[in-house]
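The sequence and structure are shown first.

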Amino acid sequence: MAPPSYSQFAAVQVQVQGEQIKPPHCGSAHLLDADEFRRQGHQVVDFIADYYARMDEYPVHPSVTPGFLRRQLPEEVPLRPEPGAFAAALRDVRDLMLPGMTHWQSPRHFAHFPASGSTVGALGEALTAGINVVPFTAATELEMVVVDWLGKALHLPESLLFCGGGGGTLLGTSCEAILSSRRSEAAGRGSATSSSTAPTRPTSPSPRPRASPASRATTAARSRRHLRAAMRADADAGLVPLFVCATVGTTQTTAVDPVRELCAVAAAHGAWVHVDAAYAGSALVCPELAHVMIAGAEAVDSFSMNAHKWLLANNDCCALWVRKPSLLVAALGTESEYILKDAAAEGGDVVDYKDWSVTLTRRFHALKL
């Protein structure tokens with residue numbers, strides 16, 4: 001059965017203390033009309049397909065000045081729709097937006113993270129947007145299955161997967177993943193006030209974040225010697241070294257830190273080790289690279305990578321795995337009565353992902369991945 005259009009709702013009247021209350025007029029009779037959606041949807045798909053076909057005709061980087069778009073658009077929002085407004089909006093996207101954008105999927109775009117999307121990823125995103133749900137029940141189960149699929153494809157140790165007692169989730173960005181793992185470490189120690197040691201880049205407020213020097217001798221990778229000295233100096237000063245962020249593929253140099261060596265240094269202080277593989281993590285699908293790039297990953301506490309870099313999942317899609325999911329829940333969980341809960345999680349076979357990240361309302365990333 002097709003979803004009802006607004007015109008069907010418009011006939012509904014409510015009796016309140018003898019008065020008839022009508023729904024507010026919204027100016028459109030097609031908010032949820034299946035036939036109108038089908039007609040407009042065909043236009044959008046054709047538009048995107050045409051864009052893919054002639055993407056190389058656009059300059060990769062626009063030659064526009066700030067304010068160019070604002071000067072060409074109305075200063076006030078239209079009060080009511082005009083005939084053909086949807087087609088006109090698509091023309092504005094084609095004639096105004098596209099010439100003023102950097103085209104990341106262009107075959108001539110070589111900076112940052114090129115070729116990071118796919119047509120199937122876009123269609124998966126369209127399905128997600130059309131269904132438009134908070135991902136409970138079946139959506140949660142799909143996420144659990146997909147993160148294990150992905151973890152196996154990346155040759156991650158089983159201890160990070162649901163099938164091995166760990167588990168994973170899909171977030172927006174690696175910044176969310178690192179922040180969540182840092183909070184989890186604090187929960188594991190029963191304190192959120194200890195100092196942190198050696199993150200590659202500051203990712204959240206912390207008493208004393210410290211950047212450990214890289215070594216030219218190891219192609220700009222983290223130096224085990226420098227990390228050991230920094231952690232020892234902090235401990236001697238009465239601080240508690242508690243978090244190490246190793247990097248697999250830094251954005252600036254694609255350097256790969258020696259994960260096994262850094263884990264050994266961190267273990268002497270009981271520090272949490274997170275591997276940020278946002279950039280190069282996708283390359284782990286290649287067996288000949290996986291065991292070289294993350295040798296020693298069986299000792300890490302958490303691992304994250306961005307599937308929207310190289311792995312053809314459209315923005316945004318970051319996967320995070322942890323060895324002890326209970327610490328994520330301890331750090332980020334909430335039991336407030338007004339928060340929607342996944343009833344399926346009460347049986348223990350399905351997780352309640354709202355307790356696995358900083359945000360409560362979550363996007364449904366699993367379908368496109």
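Two strands are said to pair if DSSP finds at least two bridges between them. In this predicted model, strand 3 (residues 167-171) and strand 9 (residues 318-322) pair in the antiparallel sense, with five bridges between them. Within this pairing, Thr169 has Leu320 of strand 9 as its bridge partner.

Strand 3 is mostly covered, as five of its five residues are buried. Gly167, Thr169 and Leu171 point one way from the strand, while Gly168 and Leu170 point the other way; residues on either side are buried.

**Confidence**

For the protein chain, the mean pLDDT is 79, and 77% of the residues reach 70 or more. Strand 9, the partner of strand 3, has the highest confidence in the chain, with a mean of 95, whereas the lowest, a mean of 38, is found in helix 1 (residues 6-10).

| Stretch | pLDDT | Contacts in the model |
|---|---|---|
| Residues 1-16 | under 50 | 28, beyond four places in sequence |
| Residues 191-206 | below 50 | 49, beyond near neighbours in sequence |

**Lys354**

Lys354 lies in the segment that follows helix 10 (325-332). Is this lysine, Lys354, buried or exposed? Lys354 is buried, because its relative accessible area is 4%, and the cut-off for buried is under 20%. The side chain of Lys354 also forms a polar contact, at 2.8 Å, with the side chain of Asp355.

Key. Residues are numbered from 1 along each chain as its sequence is written. This is a predicted model: local features need pLDDT of at least 70, side-chain atom pairs count only at pLDDT 80 or more; totals for chains, interfaces and linings use all residues. Side-chain values use heavy atoms; hydrogens and water are left out. Buried means under 20% relative accessible area, exposed over 50%, partly exposed in between (1.4 Å probe, protein chains only). Helices (H or I, at least four residues) and strands (E, at least two) are DSSP runs, numbered from the N terminus. pLDDT is the predictor's confidence in each residue, from 0 to 100. Contact means heavy atoms within 4.5 Å. A polar contact is a pair of N or O atoms within 3.5 Å; within protein, one must be able to donate a hydrogen and the other to accept it, and residues adjacent in sequence count only if both atoms are side-chain atoms.
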